[in-house]
Amino acid sequence: MTALQSVAPTALPDHVPVELVKSFSFVHSPGMDRCPHATVAKLATEEPRIFFDPNAYGGPSWVLTRADDLRTVLWDQRTFSSKGAAGFSALIGDTWDMIPLELDPPRHTSFRALLNPLFTPAKVNELAKGVRETATDLIDRIAGNKQCEFMEAFGRPFPITVFMRLLGLPLEQTPQFLKWEEDLLHSDPTDIQTKANAAREIRDYLRTLAASRRAEPREDLASFVVQASIDNKPLGDDEILGIYYLFFVGGLDTVAATLGFIFHWLATHPEEQALLRADPSKHTDAIEEFLRAFSVVVTRRRVTTDTEVAGVEMKAGDWITVPLMMAGLDATDYPNPLELKLDRSPNRHMAFAFGPHRCIGSNLARREFSVALVEWFARIPPFRLKAGTQPTVHGGGVFGVEKLELEWD
């Protein structure tokens, strides 16, 4: 069964051939609420390899479905701009950028130079104790229950607690942060007002945070940002906000989403779960394979000058939808891509994107996944899906797991 749907080509740009006009919703297409990765994997087997969706979320857009095309677009940030890729500021009539995600050269280069040192392997090692303490505290609360709803008990609170400690935020605000994150990223795409309200409340909170850290600096990341400078010039208010906003969105959602898919797979593959329990040396390759198979982010780029991608003519101003999971689901790079091979190496996935905009927090995310596996296996016996339940999953700009009921003896 084809994943792409034909649509009536009305009011198309002159350069878009009718035969390339198709429709696929990363939110609502059939199958996205059951197994989003298997559903989008079909795109990598169909033609056209690049199609134009006039009904794409965020507006008409080209959609990439092959790993080579993703690499082409993600590497060339001069031809394919990140400006406005997330679009949260536009929701509320603002013009600030998420930094460095929505910056192009040369500003992108300057901000990466400022922020990269915060997330080196050495810096992440310094955070390791706190990450481990967070994990063990959460797991110890449920270990004796013999069951849990994983996302509520661990999947969401684990990465958000790490994030809040990193920025120096009070943990009692976690429920409010999760509510904002849900409204901003996972409410119905047509409910613009809910998304805008959340975007505005997050913005106002982060501006207040910046003012607080200016007045009373602490030993945390939030204080580092307000005290930082580039070329001996202090960061402006919108630049500080843009950095905070990216940390907020990245710290709350993507790690939690990936954890949900990983633990669902482990719960339904007892032999592989036993293998990883018995030999922690296999965790590193397994995590890379999980990241390949369960990449969760759909991002965008905008064409800056007339160009071609895989023979498809694109004009300046066109938007391109870039589903990062397609790189790991392309059979050209990975035969039988829906089959997980825990010892796969090398593994050229794009879970953290590719090229100059590769995720700045990838080292921290990998450490969180590693700690989650080690500490969960140490405290929870072999686990499985709770009898009579199935997980609730979703697609969207970030694929995720809403609910995952687990049990153990």
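**A friendly walk through a predicted model**

Me: Happy to look at this predicted model with you! In what order do the three strands of the open sheet stand, and what is the sense of their pairing?
Reply: Strands of a sheet pair through backbone hydrogen bonds, either parallel or antiparallel. In this open sheet the three strands follow the order β6-β16-β13, and the pairing is antiparallel.

Me: Which strands stand at the edges of this sheet?
Reply: An edge strand here has a single partner strand, so one side of it is left without a neighbour in the sheet. Neighbouring strands are turned by 25° against each other on average, direction ignored. The two strands at the edges are β6 (147-149) and β13 (383-385).

Me: Nice. Which residue in β16 stands opposite arginine 384?
Reply: β13 pairs with β16 (residues 405-408) in the antiparallel sense, over three bridges. Across from arginine 384, the residue in β16 is glutamate 407.

Me: Which helix lies across β13 and β16?
Reply: The helix covers residues 254-267 and runs at about 100° to β13. That helix is α12.

Me: Let's turn to α9: how far apart are its end C-alpha atoms?
Reply: Helix α9 has 24 residues, 192-215. At 1.5 Å a residue they should span 34 Å, and the model agrees with this, because the end C-alpha atoms are apart by 35 Å.

Me: Which elements do the buried residues of α9 pack against?
Reply: Buried residues of α9 include Ala199, Ile202, Tyr205, Leu206 and Leu209. Lys195, Arg203 and Arg213 are also among them. The buried residues of this helix pack against α3 (88-91), α7 (157-167), α8 (174-186), α10 (221-227) and α11 (237-252).

Me: And α16: what does it reach from its first C-alpha to its last?
Reply: Helix α16 spans residues 362-379, which makes 18 residues. Its buried residues include Leu364, Phe369, Trp376 and Phe377.

Me: Which element gives the most to the lining of the second largest pocket?
Reply: This pocket holds about 480 Å³ of space. Of its 18 lining residues, Leu127, Leu166, Glu219, Asp220 and Leu221 are the closest to its centre. Two or more lining residues come from each of α5 (121-142), α7 and α10. The most, six residues, come from α5.

Me: Finally, what volume does the largest cavity have?
Reply: The whole structure has one cavity of 30 Å³ or more. Of the 14 residues lining the largest cavity, Arg156, Glu181, His186, Asp253 and Val401 lie nearest its centre, while α8, α12 and β15 (400-403) each supply at least two lining residues. Its volume is about 100 Å³.

Note on methods
Residues are numbered from 1 along each chain as its sequence is written. This is a predicted model: local features need pLDDT of at least 70, side-chain atom pairs count only at pLDDT 80 or more; totals for chains, interfaces and linings use all residues. Side-chain values use heavy atoms; hydrogens and water are left out. Helices (H or I, at least four residues) and strands (E, at least two) are DSSP runs, numbered from the N terminus. The expected span of a helix is 1.5 Å times one less than its number of residues. Buried means under 20% relative accessible area, exposed over 50%, partly exposed in between (1.4 Å probe, protein chains only). Contact means heavy atoms within 4.5 Å. Two strands pair if DSSP finds at least two bridges between them. Axes are lines fitted to C-alpha atoms, for helices over the stretch in contact, and angles run from 0 to 180 degrees between N-to-C directions. On a 1 Å grid over the protein atoms alone, a cavity is a set of points where a 1.4 Å probe fits but cannot get out, and a pocket is an open set with protein on both sides within 12 Å along at least five of seven lines; lining residues have an atom within 4 Å of a point. Grid points are joined across faces, edges and corners, and a volume is the space filled by probe spheres set on the points.
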